[in-house]
Amino acid sequence: MSLFGLGSKNQKTFRPKKNAPSGNKKETKLHERTVYQQALENCSPTLIFLPIQCECLKPFLLPFSCLIQGVQLKKHIDATLGSGNLRDAVRLPPGEDLNEWLAVNTVDFFNQVNILYGTLMEFCTPATCPTMSAGPKFEYRWADGVQIKKPIEVSAPKYVEYLMDWIETQLDDESIFPQKIGTPFPQNFKEVVKTIFKRLFRVYAHIYHSHFQKIMSLKEEAHLNTCFKHFTLFTWEFKLIDKAELAPLIDLIESIVSVS
């Protein structure tokens, strides 16, 4: 059993398969994009579960089972987001454990970025995005410190693939995200969370700099902006990303935190 209450073992999120099914590629891509768009349109900007199965999407189980404390935290997120006040939604609820709150929201934001990027997979390819960048001044290289110790230059889709696999590994690691009642979080837990959020920010930065016109054509800009505002306020509240890392979107971020 888990501490976080993010879903039962029957609840799934979805990841794109590395290889699309055989058949009409145009129809497959259209169907895949429709699935993602339905998820964006029908679900709240907190934790998103795709409601339908699709051959071009790969399910994986969330590592957390339901317990009362986690369920209450998730209900608090949903209730405060429903109020329209995102600042209230990100604040630590009175009497709750900070690490517990960070854990619940880490999975939430991981799923948001997964779904948002999924709508762009047809357009974010090694040909269109040969490097993982956020405008002409910022380029990101991948290293996980284990399998890839020296940063390497990869395409944007490959970077995101590496990133999502790496985050999933962190979430599945019980020494980092404990699943047994009474098991403490590690002393470096917040540092792990900060690394996850720093890297998720890079996906947002790439989307805004390289794919915002496509987001607009797909009519997803309102959802993107809401998700990013929620993400920004949460990271700002708990100081999860150094300001230097925010440079690619600093004007947008400062407008969010100054008026929210």
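**Close-up views of a predicted model**

**View 1. Lining of the largest cavity.** The residues lining the largest cavity of this predicted model divide into 7 nonpolar and 2 polar, with no charged residue among them. They are Phe201, Phe228, Phe231, Thr232, Thr235, Trp236, Ile241, Leu246 and Ile253, and helix H7 (residues 221-237) gives the most to this lining, with 5 residues. The structure holds 1 cavity of 30 Å³ or more, and about 30 Å³ of space lies in the largest cavity.

**View 2. Helix H6 and its kink.** Helix H6 (residues 189-217) has 29 residues and should span 42 Å at 1.5 Å a residue, which agrees with the 39 Å that separates its end C-alpha atoms. A kink of about 85 degrees in H6 is centred on histidine 211, and H6 is followed by lysine 219, whose phi is positive, near 60 degrees.

**View 3. Aromatic pairs.** The count of aromatic pairs comes to 17. In one of them, the ring centres of phenylalanine 109 and phenylalanine 234 lie 5.4 Å apart with the planes at 45 degrees, so the pair is tilted. This pair links distant parts of the chain, with phenylalanine 109 in helix H4 (residues 98-118) and phenylalanine 234 in helix H7, 125 residues apart; both phenylalanine 109 and phenylalanine 234 are buried. The rings of phenylalanine 201 and phenylalanine 228, with centres 6.4 Å apart and planes at 35 degrees, also form a pair that is therefore tilted. Here phenylalanine 201 belongs to helix H6 and phenylalanine 228 to helix H7, 27 residues apart, and both phenylalanine 201 and phenylalanine 228 are buried.

**View 4. Aromatic cluster.** Ring pairs link Phe109, Phe197, Phe201, Tyr204, Tyr208, Phe212, Phe228, Phe231, Phe234 and Phe238 into a cluster.

Note on methods: Residues numbered from 1 in each chain as written. Predicted model: local features only at pLDDT ≥ 70, side-chain atom pairs only at ≥ 80, totals over all residues. Heavy atoms only, no water. 1 Å grid on protein atoms, 1.4 Å probe; cavity = no way out; pocket = protein on both sides within 12 Å on 5 of 7 lines; lining within 4 Å. Points joined across faces, edges and corners; volume = space filled by probe spheres on them. Helix = DSSP H or I, 4+ residues; strand = E, 2+ residues; numbered from the N terminus. Nonpolar A, V, L, I, M, F, W, Y, C, P; charged D, E, K, R; others polar. Expected span 1.5 Å × (residues − 1). Bend = angle between axes of the 7 residues up to and from the residue. Phe/Tyr/Trp six-rings, centres within 6.5 Å; stacked < 30°, edge-to-face > 60°. Buried < 20%, exposed > 50% of the residue type's maximum accessible area, 1.4 Å probe, protein only.
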